Amino acid sequence: MNTWKISFVLTCLLLTSAVFLAAQQQASGVVVVQGATLINGTGSSSIRNSAIVIEGGRIRDIGPRNEVRVPGNAQVVDARGKWVIPGLIDAHVHFSQSGGIYTRPDVVDLRKWRSYEKEMEWIKQRLSYTFERYLFSGITGVVDCGGPMWNFEMRDIASHTKKAPRVVVAGPLIATILPPTTSANDPDIVKPDSPAQARDLVRRQLDRKPDLIKLWWVRRQGDNLNEQVQIMSAAIDESKSHNVRVAVHATELDTAKAAVRAGADILVHSVSDRLVDTEFINLVKNRDVLYITTLAVEDGYRMVLDRQVALTDIEQKLGDPEVIATWSELAKIPPGEIPGGIPHIPAPPKRPAAYDNLMLLESAGVRIVAGTDAGNIGTLHGPSLHHEMELMAAAGLRPMDIIVSATKNAAAVMGLQNDTGTLQKSKFADLVILDADPLADIKNTRRIFKVMKAGELLQ
Ligand SMILES: [Zn+2]
């Protein structure tokens, strides 16, 4: 056979096999995750030797292997000896903050060493890496609880990026205080001085279609709570009249109560100043308010500002090394040159009030949600959710309840409870396959074997 003939035959062979492969791929658009112990996120008992049949990114059928019809040509993901949970969701992050020391000038003002503009530029450049860190951490959904108007652009980028979690956002925080360090150009915090201004600030976000309106309710000594109530109630009322839910930062019992009475749908922090009372528990329960824990963020600040950095295994593996590297730069800056100095975060009490409050609300049947406040100094985008879950366990929550809080309940914060958050028929196949049992120890959510978003395995 001459060279021409050989190449002709080879070409024919290649073409035939290409056609064959294409046909095979078309026929096997169905994927099955098979053999794992299934924890579906609803809180119901786990199912051993399960099968999850996935087609077009969604779950077509799911249940015990012997009750599910698996098409013969399905592509099999062998998960025998593994555990499968829904993709995790961090219900409280800020993409406009890096987690590094230059990111919150209202806490530590280091703008002389790196300007806010330069920090934002850097954050924008690293966005795709940050998205990936979430997925690799087993997180397929996040809620950005407020930032500059850039947040809406960031949400668009996420929706067009394959290796990105699902992202929902709030725009600028409508706040009771305005830190003097707030950027004038595309600010992340805005402060109304009257109820009318509060309504106006809500309306300015509406054409960008915010998933949530975020209020930052801080009461300083001497602030008049009644005045704050009038302004914040107007913001909540305006949002709700446009069918946009409201998430409120309120860490004190008094402001948290006022926020819920005014119609807040979501509290993004634990109440941490004192024990909650029956009045608060009933308010939150009766209005079905979602209560986000946000326990890890304080540890993050303390760790970096007191220069006692100790990372968990998954933070070391998946945390952004460039962000972590900034933490040690703090030691090189003379504290006397930092405007306002470095705040000292007091050592935590043996058992923080936030832990007891979490248990009181959980036992009252309130929907608890896992969230970290990632992006604040010391709280890493991605792996810090595992730290948060560890703290929820330290407070006394059972692993099953923690999983529900980081999946089903967090999906409710996203407003995506019909599409993700649990592994049930017709929902997206957003899931994590684990090498160890998360019900035996919540830390086993770090033992990630595979992550899947909308039926596609992340490699
Ligand atoms: Zn926050």
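Residues are numbered from 1 along each chain as its sequence is written. Because the model is predicted, local features need pLDDT of at least 70 and side-chain atom pairs count only at pLDDT 80 or more, while totals for chains, interfaces and linings use all residues.

The protein holds 15 helices and 19 strands, taken as DSSP runs (H or I, at least four residues, for helices; E, at least two, for strands) and numbered from the N terminus. Its radius of gyration is 24 Å, close to the 23 Å of the globule rule for 459 residues, so the protein is as compact as a globular protein of that length; the radius is taken over C-alpha atoms, and the rule is 2.2 Å times the number of residues to the power 0.38. Along the principal axes, the C-alpha trace spans about 90 × 50 × 45 Å. Buried residues account for 47% of the 459, a residue being buried if 20 or more other C-beta atoms, placed from the backbone, lie within 10 Å of its own.

Two domains are assigned, domain 1 (30-86 + 422-459) and domain 2 (88-420), with bounds from an automatic or database domain assignment. Their C-alpha centres lie 30 Å apart. Each domain gives 21 residues to the contact between them, where contact means C-beta atoms, placed from the backbone, within 7 Å. On the domain 1 side, strand 6 (83-86) and strand 18 are the elements that give two or more residues, and strand 18 supplies the largest share, three residues.

The largest nonpolar core has 114 residues, with Ala235, Ala259 and Leu267 making the most contacts inside it. Such a core is a set of buried Ala, Val, Leu, Ile, Met, Phe, Trp, Tyr and Cys residues joined through C-beta atoms within 7 Å. Helix 6 (residues 225-241) gives this core its largest share, five residues.

Key: Two residues are in contact if their C-beta atoms, placed from the backbone, lie within 7 Å. A residue is buried if 20 or more other C-beta atoms lie within 10 Å of its own, exposed if 12 or fewer, and partly exposed in between; C-beta atoms are placed from the backbone.
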